[in-house]
Amino acid sequence: MSIAITTQIICFSILSLVILIGALGVVLLESIVYSAFLLGGVFMSVAGLYLLLNASFVAAAQVLVYVGAVNVLIIFAIMLVNKKEDLKPISDIKSRRIISTSICLTLLSLLIRVDLTNVWSLSSPQNSIGEESTIRIGEHLFSDYLLPFEVASVLLLMAMIGAIVLARRDVMSKDISTGLPVDQELIEKSSEPLLTNKN
Amino acid sequence: MISLQSIPLQAFLIVSSALFCIGIWGLLNSRNAVRVLMSIELMLNAVNINLMAFSSFVDNNLIQGQVFTIFVITVAAAEAAVGLAILLSLYRNRVTVDMESFNLLKW
């Protein structure tokens, strides 16, 4: 590790603070657009933590995939479904909040207790490979992790086709309810939504 | 200049535990379906921090944790794409993103 320990501690504290405050903002803020941009900040800070752990390739992948793809996708989804709606009030919202918050705090205390009390068998020379980690990841991906690598590519293809099939607007030659032929224009038609107002 | 000390493993684990619990809280309490997907991404990131910390501190010679992190990032990207597509078609059918109104399977 080439950075001095004080610098590391300062970087780690700042990054952790940004991660935790940003994550709290993501779940607590009223505006969903602010949440999405804070989520991008959280992803960037997580990439910074990876850099502190000497993993430059995974940090770059994190920035490319999470900030570049997932976050942009979420912002597009917000743009497509952004409608001001008045949410119906839930009657037992207070008890739900209390129960879920207590469950989360219990889980957090359990996890922190395990983190602090368990004796981890750490290997002695820390971060010994450092800069070589990208080479090592490449060796892993093309030797002992070759099958998961190929399966992951098939998974990505399936996810892409599945997303297209799920999200596209069905073009039908005739109307289902009336049987009349419908005009195939590319403009947005106002259609009666199915399955609304169940209760 | 090589310093032998570094940040303890426990610090990374505590940050990732807190991030995971914030994600679970958001998953349970959000009413907007997009925010539920964001909470899932937060939880996946917490798991990734854990994997990276263990790979650096425990298994720093064969960094298998980093390879696992790459796979988790891949699966998370696929999950986000399919989840948002499901959300779009749900919005088209119900004209809302309120989690409380998706009660078609509720008995």
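Colleague: In this predicted model, how do you know that helix 1 and helix 2 of chain B run roughly antiparallel or roughly parallel?

Modeller: Look at the axes of helix 1 (residues 9-29) and helix 2 (residues 33-57) of chain B: they come within 8 Å and cross at roughly 165°. Angles over 145 degrees count as roughly antiparallel, so these two helices of chain B are roughly antiparallel to each other. Their crossing is left-handed.

Colleague: Which residues of helix 1 of chain B meet helix 2 of chain B?

Modeller: Among them are B:L9, B:F12, B:L13 and B:G23. On the helix 2 side you'll find residues including B:R35, B:V36, B:N45 and B:F57. Sorted by class, this contact has 17 nonpolar, six polar and one charged residues.

Colleague: Okay, over to chain A. Why are helix 2 and helix 3 of chain A called roughly antiparallel?

Modeller: Helix 2 (residues 32-52) and helix 3 (residues 56-81) of chain A pack at about 175°, with their axes 8 Å apart. The cut-off is over 145 degrees, so helix 2 and helix 3 of chain A are roughly antiparallel too. Residues making the contact include A:F43 and A:M44 of helix 2 and A:Y66 and A:V67 of helix 3. That contact has 18 nonpolar, four polar and no charged residues.

Colleague: And what makes up the side of chain B that touches chain A?

Modeller: Helix 1, helix 2 and helix 3 (64-94) of chain B each give two or more residues. The largest share, 24 residues, comes from helix 3 of chain B. Overall, 72 residues of chain B are in contact with 78 residues of chain A. By class, the chain B side has 44 nonpolar, 22 polar and six charged residues.

Notes:
Residues numbered from 1 in each chain as written. Chains lettered and ligands numbered in written order. Predicted model: local features only at pLDDT ≥ 70, side-chain atom pairs only at ≥ 80, totals over all residues. Axes fitted to C-alpha atoms, helices over the stretch in contact; angles between N-to-C directions. Helix = DSSP H or I, 4+ residues; strand = E, 2+ residues; numbered from the N terminus. Parallel < 35°, antiparallel > 145°, perpendicular 65-115°, else oblique. Left-handed = near helix turned anticlockwise from the far one by under 90°. Contact = placed C-beta atoms within 7 Å. Nonpolar A, V, L, I, M, F, W, Y, C, P; charged D, E, K, R; others polar.
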